[in-house]
Amino acid sequence: MKEELLKKIDEIVAGEKLAMDSYFFCGSGSSLPDDELIRAGEAYLAAEKNGIPDLEAKVKLIERLEAAANKGQEVLKVRVLIDAEDPKTVVIKEILANKDLL
């Protein structure tokens, strides 16, 4: 199960990086990407890859995931919150439901 969570965290980080590029280079109209989530995810994944538990990275990652889960998806061009749940948020909530396995 932990491997699945790590894969999902990696996908969230990769998705945020892509969103960051899209936002800055293409003028994406979706929610502003979370740079802190990218850094927290990368730090946690690096520690896990090296086999060295990093409690600080874990705490920061959970903090950023919780913030992302509570953030509404917004279309920036018109500044309107979208009522439908963001698919990324669904994955984040699944990770948070199993955070004791991290």
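Lys-8 is located in helix α1, where helices (H or I, at least four residues) and strands (E, at least two) are DSSP runs numbered from the N terminus. This lysine is buried, since its relative accessible area is 18%; buried means under 20% relative accessible area, exposed over 50%, and partly exposed in between, with a 1.4 Å probe and protein chains only. Leaving out residues up to four places away in sequence, Lys-8 touches Val-91, Glu-94 and Ile-95, where contact means heavy atoms within 4.5 Å.

The model described here is predicted: local features need pLDDT of at least 70, side-chain atom pairs count only at pLDDT 80 or more, and totals for chains, interfaces and linings use all residues. Residues are numbered from 1 along each chain as its sequence is written, and side-chain values use heavy atoms, with hydrogens and water left out.

Lys-7 also has its place in helix α1, which covers residues 2–26. Lys-7 counts as exposed because its relative accessibility is 54%. Between Lys-7 and Leu-45 there are 9.4 Å in space, C-alpha to C-alpha, although the two are 38 residues apart in sequence.

The overall plan may now be considered. The protein contains 4 helices and 2 strands, and along the sequence these follow the pattern α-α-α-β-β-α. Of the 102 residues in the protein, 32% are buried. Among contacts between residues at least 6 apart in sequence, 66% join residues at least 24 apart. The accessible surface comes to about 6500 Å², and 56% of this surface belongs to carbon and sulfur atoms; such areas come from the Shrake-Rupley method with a 1.4 Å probe, and for residues only the protein chains shown count as cover.

Helix α3 spans residues 55–69 and has 15 residues. From its first C-alpha to its last, α3 reaches 21 Å, close to the 21 Å expected at 1.5 Å a residue; the expected span is 1.5 Å times one less than the number of residues. The buried residues of α3 are Ala-57, Leu-61, Ile-62, Arg-64, Leu-65, Ala-68 and Ala-69. They lie on the same side of α3 because they cover an arc of only 165° around the axis, the arc being that of the directions from the helix axis to the C-beta atoms. On the other side of α3, Leu-55 and Glu-56 are exposed. The N-terminal end of α3 is capped by Asp-54, which has a side-chain oxygen 3.2 Å from the backbone nitrogen of Glu-56.

Helix α4 covers residues 87–97 and includes Thr-89. Thr-89 counts as buried because its relative accessibility is 6%. Not counting residues up to four places away in sequence, Thr-89 touches Ala-68 and Ala-69. With the same exclusion, Ile-92 touches Ile-12, Leu-65, Ala-68 and Ala-69.

Ile-92 also belongs to the largest nonpolar core, which has 21 residues. A nonpolar core is a set of buried Ala, Val, Leu, Ile, Met, Phe, Trp, Tyr and Cys residues joined through side-chain atoms within 4.5 Å. The residues with the most contacts inside this core are Ile-9, Tyr-44, Leu-61, Leu-65, Ile-92, Ile-95 and Leu-102. Helices α1, α2 (35–50), α3 and α4 each supply at least two residues of the core. In soluble globular proteins, nonpolar side chains tend to be buried together.

Asn-98 lies in the segment after α4. Apart from neighbours within four places in sequence, Asn-98 is in contact with Met-1 and Leu-5.

Conventions
Polar contact = N/O pair within 3.5 Å; in protein donor to acceptor, adjacent residues only side chain to side chain.
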